[in-house]
Amino acid sequence: ADGMGGHGDGEVASRLVVETMSAALLQSVVLPAVQGKRFAPEMVEAFLDSAVQLANRLVRQEATARGNDMGSTLTLALAIDDHAFVANVGDSRTYLWRGGLLQQITEDHSAVYQLYRAGALSEEEIYSHPRRNEITRNMGFRTTVQADYFQLELLPGDMLLLCCDGLWEMLHNDGIADVFLVSYGDPQRICDELVKRANQAGGDDNISVMVVQVQA
């Protein structure tokens with residue numbers, strides 16, 4: 001979760017999203033799964049959306065109480081057995097690294113990504129367009145939020161990368177893939193190297209990175 005730049009108390013919003021989502025999913029999905037309960041995919045997505053809406057409402061309430069327009073992005077991967085359920089709001093991203101290839105799973109909720117999808121921008125122009133900081137969805141902007149949901153079948157050796165725009169705007173997808181190629185097999189080393197290179201490339205924003213490796 002990445003607090004919205006230029007908005008008051010973004011760090012409060014992002015922390016509230018992380019804490020609320022974690023607590024809600026721990027109770028509704030994670031602990032029951034550890035105890036052997038099995039969930040249909042549509043049920044997992046329903047629990048995910050319930051947690052997303054709860055976190056969104058709490059951010060909205062806190063913003064109203066503080067009299068500001070704080071908000072946050074969200075990207076999340078919930079791994080259950082050999083499946084990952086991904087949720088996304090805003091322009092933080094989840095990627096899959098598999099077989100030497102980096103695949104962007106999520107799609108940014110931003111003005112420039114809409115232009116890119118419409119064919120009005122090249123992928124490279126996403127990083128330099130004057131509207132690149134305009135987010136079209138975020139946690140806390142309205143009383144409800146529409147998240148995107150994705151499902152992945154995981155294979156041994158797969159890696160999931162979750163990051164904020166402070167990483168991908170600095171390195172671009174090719175630069176991220178370069179780090180995986182060099183540091184393959186060590187999630188912590190990949191995280192450290194990604195942050196290092198993003199800072200070397202300018203470090204214009206906060207950089208949050210998580211890498212998770214699927215074991216056999």
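A pocket is here an open set of points, on a 1 Å grid over the protein atoms alone, with protein on both sides within 12 Å along at least five of seven lines, and its lining residues are those with an atom within 4 Å of a point. The legends below describe close-up views of a predicted model.

**Figure A. The largest pocket and the residues of its lining.** The largest pocket of the predicted model has a volume of about 560 Å³. A total of 26 residues line this pocket, and those nearest its centre are Thr75, Leu76, Ala77, Leu162 and Met210. At least two lining residues come from each of helix 1 (10–34), strand 1, strand 6 (159–163) and strand 7 (209–213). With seven residues, helix 1 makes the greatest contribution to the lining of the largest pocket. By class, 21 residues of this lining are nonpolar, four are polar and one is charged.

**Figure B. The largest cavity and its lining.** The count of cavities of 30 Å³ or more comes to one. The largest cavity holds about 30 Å³ of space. Its lining consists of Asp91, Asp108, Ser110, Val112, Ile126, Arg132, Trp168 and Glu169. Four of these lining residues are charged, three are nonpolar and one is polar.

**Figure C. Alanine 13 and serine 14 in helix 1.** Alanine 13 is a residue of helix 1 and is buried, with a relative accessible area of 0%. When residues up to four places away in sequence are left out, alanine 13 touches Val59, Met70, Gly71 and Ser72. The C-alpha atoms of alanine 13 and alanine 63 lie 8.2 Å apart in space, although 50 residues separate the two in sequence. Serine 14 also belongs to helix 1. The relative accessible area of serine 14 is 13%, so this residue counts as buried. Leaving out residues up to four places away in sequence, the contacts of serine 14 are Ala1, Asp2, Gly3 and Ser72.

**Figure D. Cysteine 163 and cysteine 164, two residues in no disulfide.** The number of disulfides in the predicted model is zero. For cysteine 163, the nearest cysteine sulfur is that of cysteine 164, at 6.6 Å. Because a disulfide requires two cysteine sulfur atoms within 2.5 Å, the 6.6 Å between the sulfur of cysteine 164 and that of cysteine 163 is too far for a bond. Cysteine 163 counts as buried, with a relative accessibility of 3%. Cysteine 164 is likewise buried, at 3% relative accessibility.

**Figure E. Aspartate 81 and histidine 172, residues with positive phi.** Most residues other than glycine have a negative phi. Aspartate 81 has a positive phi, near 55°. This aspartate is placed in the loop that joins strand 1 (74–80) and strand 2 (83–89), and aspartate 81 counts as exposed at 59% relative accessibility. Histidine 172 likewise has a positive phi, near 60°. In contrast to the loop position of aspartate 81, histidine 172 is located in helix 4 (residues 165–182).

**Figure F. Glutamate 125 in the loop between helix 3 and strand 5.** Helix 3 covers residues 111–117 and strand 5 covers residues 148–153, with glutamate 125 in the loop between them. The relative accessible area of glutamate 125 is 36%, so this residue is partly exposed. Between the C-alpha atoms of glutamate 125 and threonine 73, which are 52 residues apart along the chain, the separation is 22 Å.

Figure G. Read from the N terminus, the order of its elements is α-α-β-β-β-β-α-β-β-α-α-β. The radius of gyration of the protein chain, 17 Å, is close to the 17 Å that the globule rule gives for 216 residues, so the chain is as compact as a globular protein of that length. Taken along the principal axes, the C-alpha atoms fill a box of roughly 50 × 40 × 30 Å. Buried residues make up 44% of the 216 residues of the chain. Among contacts with a separation of 6 or more, 67% join residues 24 or more positions apart.

How values were computed: Residues are numbered from 1 along each chain as its sequence is written. This is a predicted model: local features need pLDDT of at least 70, side-chain atom pairs count only at pLDDT 80 or more; totals for chains, interfaces and linings use all residues. Side-chain values use heavy atoms; hydrogens and water are left out. Buried means under 20% relative accessible area, exposed over 50%, partly exposed in between (1.4 Å probe, protein chains only). Helices (H or I, at least four residues) and strands (E, at least two) are DSSP runs, numbered from the N terminus. On a 1 Å grid over the protein atoms alone, a cavity is a set of points where a 1.4 Å probe fits but cannot get out, and a pocket is an open set with protein on both sides within 12 Å along at least five of seven lines; lining residues have an atom within 4 Å of a point. Grid points are joined across faces, edges and corners, and a volume is the space filled by probe spheres set on the points. Ala, Val, Leu, Ile, Met, Phe, Trp, Tyr, Cys and Pro count as nonpolar, Asp, Glu, Lys and Arg as charged, and the others, Gly among them, as polar. The radius of gyration is taken over C-alpha atoms; the globule rule is 2.2 Å times the number of residues to the power 0.38. Contact means heavy atoms within 4.5 Å.
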